[in-house]
Amino acid sequence: MASTKREPSPVALPLTTRPRPVPLPPPEEVKEKLYHHQEAQRIRSGQLGEWFTTPLVGGLWSEWGKHAKPDRIGMTFMAINQVSATPEPADDSFRRLLHSRYIKTHPGIAHELEEKIAPKYGTSRELDRRYQVWIDHAGELTEEALDRQMRPARQLRWEEMTPLPDDVERAFDQFATYLIQALYLCSDIGGPWMGLIHYAFAEVKSYLSYELFDYSLMCGLLRKRVMANGGGMGVGIEGLDGGLLEVCNEASQGFVGAVDRDFNAMVFAVDVLFNGLLMDIARLGQAGARSRFDRQLMTQLTQDCARHVAFGCRRISFYLRHCPDHEEAVVKLHLVADRLEPLQTENHLLNPKVLEPLAMLLGAGCGGITEGMRILREFWPQFAANYLARLDTIGLGRHDRCLIPAQPPF
Amino acid sequence: MANSAAEFPSHQWFELLAARMNEQRAKYQNFGFVTARAVFRIMGTPAGNRNFGLVFDGFECLEVTELDDRAIAGFDPDWIIEGDYATWTEMVSSIKAHGEADPDHTLNRLCLLGHPLKVYGDDQTRVDIFFRQLFSFQAFIDEAAAVETSFA
């Protein structure tokens, strides 16, 4: 039986009380009230609402008469932004919870009320500043995320799955089990941020939802693959997060209270660093895949992780170029990296439940594990080198302080 | 699609791959759109080093240009894939023999350790485009299976 003892939360959470339910009025009273509601009366009178009576030009309506044309890819964000008056969000805050950069604010709402309903820390849509959220070429990366999602029904042929020798199947299944854990971790960390991002940044909101979809889709596919080829789920990995959860819990402040939250610490940790390592590992997995089917899965994972890294790099780059205090932002991101790099190396890159099955796949079986380890040793310098090269590009060079060993410690 | 023959490496050979890509929009739509400026660099051919700059956009390869070494930077590639002539010919022959790259001759496998092929560029975030759109680039080079290739 599970213990009833409650563990103290690692984050200081304010006390909460459950409000007492308000007694509901009797059904007749509710029906009567709805019947006399001013909107119900207006509908009965046959009048159309403000959406139809407002002038198409100069009123509340926005951008009447636009004819976006599909571009070389289709009807993309880039195509509609070609004709939109607001292809990019403005560099100021947005006042309405449900207001996007595409919709005008209602002049009938007093400024006082606007302030009341504006995004605030501790409420939804609190990330309402361009420097906090936006990326260069947001539409294009978002379309790529949508366009390059795997269509399992069209792109995977389960009937072509190849039976593998037991040792190779076991290695792949352990590798897949590790990946599933890693991808769910990213999904769980990133998910709660979605609702905090203002609708003005529609492309970024869409992108993030596609990234979450990538994680879930791949987790499902890997589990199906494991369960369909004579193997089974492997051994769980303790501590795989390697500091990610702690850093991201601090960044989100437990999503409670009117406090600053650091979206960019989470993006750096999950998209730039963790997905960067996953991308390298997916490439190794692709090279070690013994069947065409498994190779397809690993190629998809490589593409997904590379795109997540691209988002992370663009976000951090934009943030560092536009945030109000560049020096402080750089210091904070370096501190995140200082904490994560050694823990990721120890708990992730050097984890035998990750390395050994990968080496076995690269060596084509138990007998080839020595050769597989040799390949891993030769590949190792790329973990730090690729990561550092990206950081150079985004303006966060840390060659002098990176704690991922440049050479393999095994 | 018409049968095709060309010598590797040559402008014509890459043009044939491009033509095959451009004729199969539905196939490449399945992978997702491509936006890349790429250089394929074949070192030590009987005619010396050969460089081919390719522009991918949407679901097509729009441009194939042979470049001399000094023109590569001006082409502004996102990524360059480079290897010696023997490696390229082995890869192309293997694709022809198997209908597509076998496990030992995928672009990713050959580039994994930085040899026998390597992928590089001035900006790692642009080099990453190679990995973001890997299905398309692998499918593009796999079109070699349908080209009657002779070697210099």
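## Chain A at a glance

Two residues are in contact if their C-beta atoms, placed from the backbone, lie within 7 Å. With that in hand, residues 24 or more positions apart account for 74% of the contacts in chain A with a separation of 6 or more. This is a predicted model, where local features need pLDDT of at least 70 and side-chain atom pairs count only at pLDDT 80 or more, while totals for chains, interfaces and linings use all residues. Residues are numbered from 1 along each chain as its sequence is written, and chains are lettered from A and ligands numbered from 1 in the order in which they are written.

Chain A holds 17 helices and zero strands (DSSP runs numbered from the N terminus: H or I of at least four residues for helices, E of at least two for strands). Its C-alpha atoms fill a box of roughly 80 × 60 × 50 Å along the principal axes. Of its 410 residues, 38% are buried, meaning that 20 or more other C-beta atoms lie within 10 Å of a residue's own C-beta, each placed from the backbone.

Let's visit helix α12 of chain A, residues 263-288. At 1.5 Å a residue, its 26 residues should span 38 Å, and its end C-alpha atoms are 35 Å apart, which agrees (the expected span is 1.5 Å times one less than the number of residues). A kink of about 35 degrees is centred on A:N275; the bend is the angle between axes fitted to the seven residues ending there and the seven starting there. Because 25 of the 26 residues of α12(A) are buried, this helix is largely enclosed by the rest of the structure.

How does α11(A) (residues 244-252) pack against α12(A)? Their axes are 8 Å apart, at an angle of about 150 degrees (axes are lines fitted to C-alpha atoms over the stretch in contact, with angles from 0 to 180 degrees between N-to-C directions). The two are therefore roughly antiparallel, a term for angles over 145 degrees. Among the residues making the contact are A:L244 and A:V247 of α11(A), and A:M266 and A:F274 of α12(A).

## Where chain B comes in

Chain B has 19 residues in contact with 27 residues of chain A. Elements giving two or more residues to the chain B side include β3 (48-58) and α8 (134-142).

Elsewhere in chain B, the buried residues of helix α1 include B:W13, B:F14 and B:L17. Both β3 and α8 of chain B are among the elements covering the buried residues of α1(B).

Methods. A residue is buried if 20 or more other C-beta atoms lie within 10 Å of its own, exposed if 12 or fewer, and partly exposed in between; C-beta atoms are placed from the backbone. Angles under 35 degrees count as roughly parallel, over 145 as roughly antiparallel, 65 to 115 as roughly perpendicular and the rest as oblique.
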